[in-house]
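Subject: Structure for your review

Dear colleague,

Please find below the structure that I am handing over to you. I would be grateful if you kept it open while reading the notes that accompany it.

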Amino acid sequence: MAHEKDLGTLKNRDMIKVAILGYGNIGRAAEEAVKAAPDMELAGVYHHDDCLDCMDADVALVCTPTREVQSFATVLAGRGICTVDSFDIHGQIWHLRESLDAVCQAHKSVSVISAGWDPGSDSMVRAILMALAPKGLTYTNFGPGRSMGHTVAAKSKPGVKNALSMTIPLGTGIHRRMVYVELEEGAEFKAVEAAILADDYFAHDETHVIEVESVDALNNVAHGVNLVRNGVSGNTHNQRFEFNMTINNPALTGQVMVSCARAAMRMKARGSYGAKTMIELAPIDLLPGSTQENVRALV
């Protein structure tokens, strides 16, 4: 794709070809977002055990469980295919960035990592608020709602037939995890509970594991966030900012990934290879349309 082309004015033959790897809640939402994008076309949906050697795509959305992201993204980026993932284990993000950055630099690709709403778009909001008030504290309060990453982690434990992890905000960035588990026949609840509580997803928060007859009877993909920053602009104190949203979790995650696919292609077109988090992206690269159109509309 030529450096000077504007993705908002590309003709059909130059549409961004986007493949989806993984077809759970996020993969299905990402498919809808790709089909709704004016500058993209779906290049195929792939499952975890499919052969990826013949994938013909500009960008692959890695919609697998977090702990499978690195292996898949490494293979794809190594073939020169840009990748986007929603990796959400905060303490391991820098390691993933370093690992994928080396692959991308060697194979002239771009990987946008941790591109969900948190980490991801909320990380960008926090960065902007810190720029507005460099000194201060930001509290990020999630929920109440279903955490996809925590739910997948709970489902992965031996003896668990189905699971649901709900995030309950307690204020000032402190959260409670309510984990509802439906057990396989013969499974021991105490063993399942111990495995969940030991997982890094849950080990740092107050967590309660509750056995239920049916997870489906409880399931709800709604979620939300309340971001509050109290800080100082220059020498002026008592600067207060608040950001709220209420969302369908998979739908927003899928849309964020699709927008980041566009940004990945723009960076690749400029020869800016490597692995990036969302706070390292130029916001205008996320948007369809020309630079002129977006500057006129937004500035």
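The notes below describe what was found in this structure.

This is a predicted model, in which local features need a pLDDT of at least 70 and side-chain atom pairs count only at pLDDT 80 or more, while totals for chains, interfaces and linings use all residues. Residues are numbered from 1 along each chain as its sequence is written, and side-chain values use heavy atoms, with hydrogens and water left out.

Confidence of the model

The pLDDT is the predictor's confidence in each residue, from 0 to 100. Its mean over the protein chain is 94, and 96% of the residues reach 70 or more. Over residues 1–12, however, the pLDDT is below 50. That stretch has 22 contacts in the model beyond near neighbours in sequence, a contact being heavy atoms within 4.5 Å. Where pLDDT is low, the predicted coordinates should not be read in detail.

The sheet and its helices

Helices (H or I, at least four residues) and strands (E, at least two) are DSSP runs, numbered from the N terminus. Two strands pair if DSSP finds at least two bridges between them. Three strands form an open sheet in the order S6-S11-S12, with antiparallel pairing. Strand S6 (135–142) and strand S12 (236–248) stand at the edges; each has a single partner strand, so one side of each lacks a neighbour in the sheet. On average, neighbouring strands of this sheet are turned by 10° against each other, direction ignored. Such angles run from 0 to 180 degrees between N-to-C directions, with axes fitted as lines to C-alpha atoms, for helices over the stretch in contact.

Strand S11 (residues 222–233) is joined to S12 by eleven bridges. Gly224 has Thr246 as its bridge partner in S12, and Val228 stands opposite Glu242 in S12. The hairpin of S11 and S12 has two residues between the strands, and Gly234 takes a positive phi near 65° there.

Helix H4 (residues 121–132) lies across S6, S11 and S12, running at about 15° to S11. Helix H7 (residues 249–269) lies across S11 and S12, at about 105° to S12.

Which residues does the loop between S4 and H3 hold? Ser86 is one of them, and Asp88 also has its place between strand S4 (82–85) and helix H3 (93–107). Here buried means under 20% relative accessible area, exposed over 50%, and partly exposed in between (1.4 Å probe, protein chains only). Ser86 is buried at 15%, and Asp88 counts as buried at 18%. Not counting residues up to four places away in sequence, Ser86 touches several residues, including Ile26, Thr66 and Met257. With neighbours within four places left aside, Asp88 is in contact with Thr66, Pro119, Gly149 and Tyr201.

Cysteines

A search of the whole structure finds zero disulfides, a disulfide being a pair of cysteine sulfur atoms within 2.5 Å. The sulfur of Cys54 is 5.6 Å from the closest cysteine sulfur, in Cys51, and is therefore too far for a bond. For Cys82, the nearest cysteine sulfur is that of Cys104, 7.4 Å away. Cys54 counts as exposed at 68% relative accessibility, whereas Cys82 is buried at 0%.

Yours sincerely
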